[in-house]
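Dear colleague,

I am handing over the structure we spoke about, and below it you will find notes on what turned up in it. Please read them with the model open beside you.

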Amino acid sequence: MKKQTLTAFLLLLPSFLGTAVFVLIPFLDVFRRSFFQAVGGSFVGLSNYIAVLENEAFLQALSNTLRFLLVCLPLLLGLSFALAVLLYSLPFARSFFEAFFLLPMAIPVASVVVFWRMLFHTDGLLNGLLGYGGFSGGDWMNTDAAFGVLVFSYIWKNLGYDVILWIAGLSQIPKEQYEAARVSGAGELRCFFSITLPQMGDTILMIGVLSFVNAFRVFREAYLIAGNYPHNSIYMLQHLFNNWFTKLDIQKMSAAAVMLAVVISLMFLFLERRNERKERTDS
Amino acid sequence: MKSLTQRFTGVHRQWPVYVFLSLLALLMLFPVLTMALSSLMGPGELRESYGAVLGAGGENILWKPLPQYPTLQPFVELLLDSPDFFVMFWNSCRQVFPILLGQTMVGMPAAWAFARYRFPGRKVLFWLYMVLMVMPFQVTMVSSYLVLSRLSLMDTHLAICLPGIFSTFPVFIMEKFFRAIPDSLLEAARVDGAGAFTIFWHIGVPLGLPGVMSALILNFLEYWNAMEAPMTFLKTKAKFPLSLYLPEITTDQMSVSFAASVVMMLPAILGFLWGQEYLQAGIAASGLKE
C-alpha cells in the first residue's frame, strides 16, 4: 500500500469505525430483520413490507408527509429565491437583513412553542386579531388548519437558511456577465431571465434536497404544539415511527426505515449523477 | 466600487424595498420579541393578558406588546425555586458539549483525509458520508436503538452523545474548508521536510479553523434544539435536556415557563450573534456541490 493511502486511512479510521459501529452495521441488521419475523425469527420474505404498505396509519402518514412536502418545498424555494434576489440586489445593509431572516433557525423550537400555542389557540392572539378586523377565526390546531400552522412554522424557521443558500448560488455567477449584458443594452428583467435563472439549476436541486431533509425536522413543532396524536391532517411519518417505537414494533419500523433509506439514497444518487454529467460537459 | 453617494442614492431609490424588508424582518423577530417581553411580566399581569389561552382563567386575550410593570421576578423564581430547571440545563450541556468536542476530534482528521488525499474507495466513502448526512433521524432510529440497547447504553447521556459524535455532517462541512487551502502552502511545507501529521496540525487545522467553527456553531444550534434522539433514547425524566422539559412546565407555571424559554433561547442567540459569519459560511458550504 502506498504511504499516502495508509496515512489517509489512519486519519479516517476513528470516524469510519464509529460510523460503522453506530450506523452502518446496525443498519445492515435492520435490513436483515426487515425480512424476518419478530417472534421465532423465521424468514418471511417481503411480508413485513406488505404489512407496512397495507397499514392504514402508514398510508395516512405517508400521504400527509407527501402533501406537506409538495406544499412546503415549492413555497419555501420560491419565497426564499425571491427574497434572495431582492437582498442580493441591495446596495446597503444586506448582511443586516440576512441576520434577521436567519435568526429563527437559531431559536430552539421548545423555547417558542408557548408563543405558537398563544398565537393559534382558540382564544389566542390570531383569533383575537381577526376578531378586531371583523373576521371570525377558527380552531387552528384541531381542524385542517393545523396543516397550515405547520407549514407556516416550517417556512418561518427555514426561510433564512434557504436565502443564504440562494445567495451563495447567486454570488457564483461572474459579475462580468451582467456587465457585458448591460453594456449591450439588456435591462434588469432581461438579465434576470437570461443570466440568473438559467444558472440556478444546480442550486435549486441542492437546496431542494437540503430543504427536504429539514422538512423532516418539522416534527418537533408538530409534536410540541400538538403531542403524539395530533389532528389527522398533521399526523406525519415521524409520528408513526414514534408510535411504532413506543410499541417496539421493530419489524414494521425496520421495513419502513429501509424503504425510506432507499428512496432518499436514490434521490441523492440521481442528484450526484446529474452533477457529474454536468461537470464532464463543462470541462 | 460604487462611491458612497451612489450607494446612498441607491438607498433613496429603493426605500420601498427597505420598508418591505424591515416589516418582514420584524415578523421574523416577532415570536422572539414576544417571548422576551412576556418573560418580564409578573404572574398577575400574565394571567390578565394570556390567562384564557393557557387555561388559567381570565376572560379573553389582551394583546399587550409591552409589560406594564416589568419585573425580573419570573427569572428570580426560575433560578431560585426551580431546581429541576438547573438539572435540565446541565443535562443539555452534558449532551451537547461532548458531542461538539467529539465531532471535532473525530471529524477533523477524517475531513482532512477526504480533502487532501487520493485513495482507493475515496469517492464511494465520501458518497456514503453525504448520504448519511441527509438521512432523517427516523431512518437511523431503529438501528441506533438496536446498537444502544446491545451496548446497554439506553437511557444514559452516552445514548445521545455517541451517535451524535459520529454524525457525518461536520466532516462534510470541514472538508469544504480544508479543500480550499491552496496547494502551494502544503507543497512548501513538504519541501521543508514536514511530515503528514505536522502539515495537518500546523497548516491544515489553523487555516481550516473557520470550517471547524462553522461546523461547531451549526451543530451547537442543532443539538441544543435536539428532541428526537432524547425523546427516543431517554426514559428517566432526570436525564431530559431542556428541550423536552420546557413543554411540560407551560401549563401550570406560566411566568416561569416564559423565563425558562428565554433562558434556553439565550445561549442559542448568543452563539448566533457571535458566530453569524461562520454560520453563514457553513450554510453556504453545505450548499456547494461536491
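Leaving aside neighbours within four places in sequence, A:S15 is in contact (heavy atoms within 4.5 Å) with B:V106, B:A110, B:Y129, B:F166 and B:V171. A:S15 lies in helix α1 of chain A, residues 3-33, where helices are DSSP runs of H or I with at least four residues, strands are runs of E with at least two, and both are numbered from the N terminus. A:S15 is buried, at a relative accessible area of 3%, buried being under 20%, exposed over 50% and partly exposed in between, with a 1.4 Å probe and protein chains only.

This is a predicted model, in which local features need pLDDT of at least 70 and side-chain atom pairs count only at pLDDT 80 or more, while totals for chains, interfaces and linings use all residues. Residues are numbered from 1 along each chain as its sequence is written, chains are lettered from A and ligands numbered from 1 in the order in which they are written, and side-chain values use heavy atoms, with hydrogens and water left out.

Turning to chain B, its secondary structure comes to 15 helices and 0 strands, and 57% of its 290 residues count as buried. Among contacts in chain B between residues at least 6 apart in sequence, 77% join residues at least 24 apart.

In α14(B), the residues B:L242, B:S243, B:L246 and B:I249 meet B:V256, B:S257, B:A260, B:S261 and B:M264 in α15(B).

Best wishes
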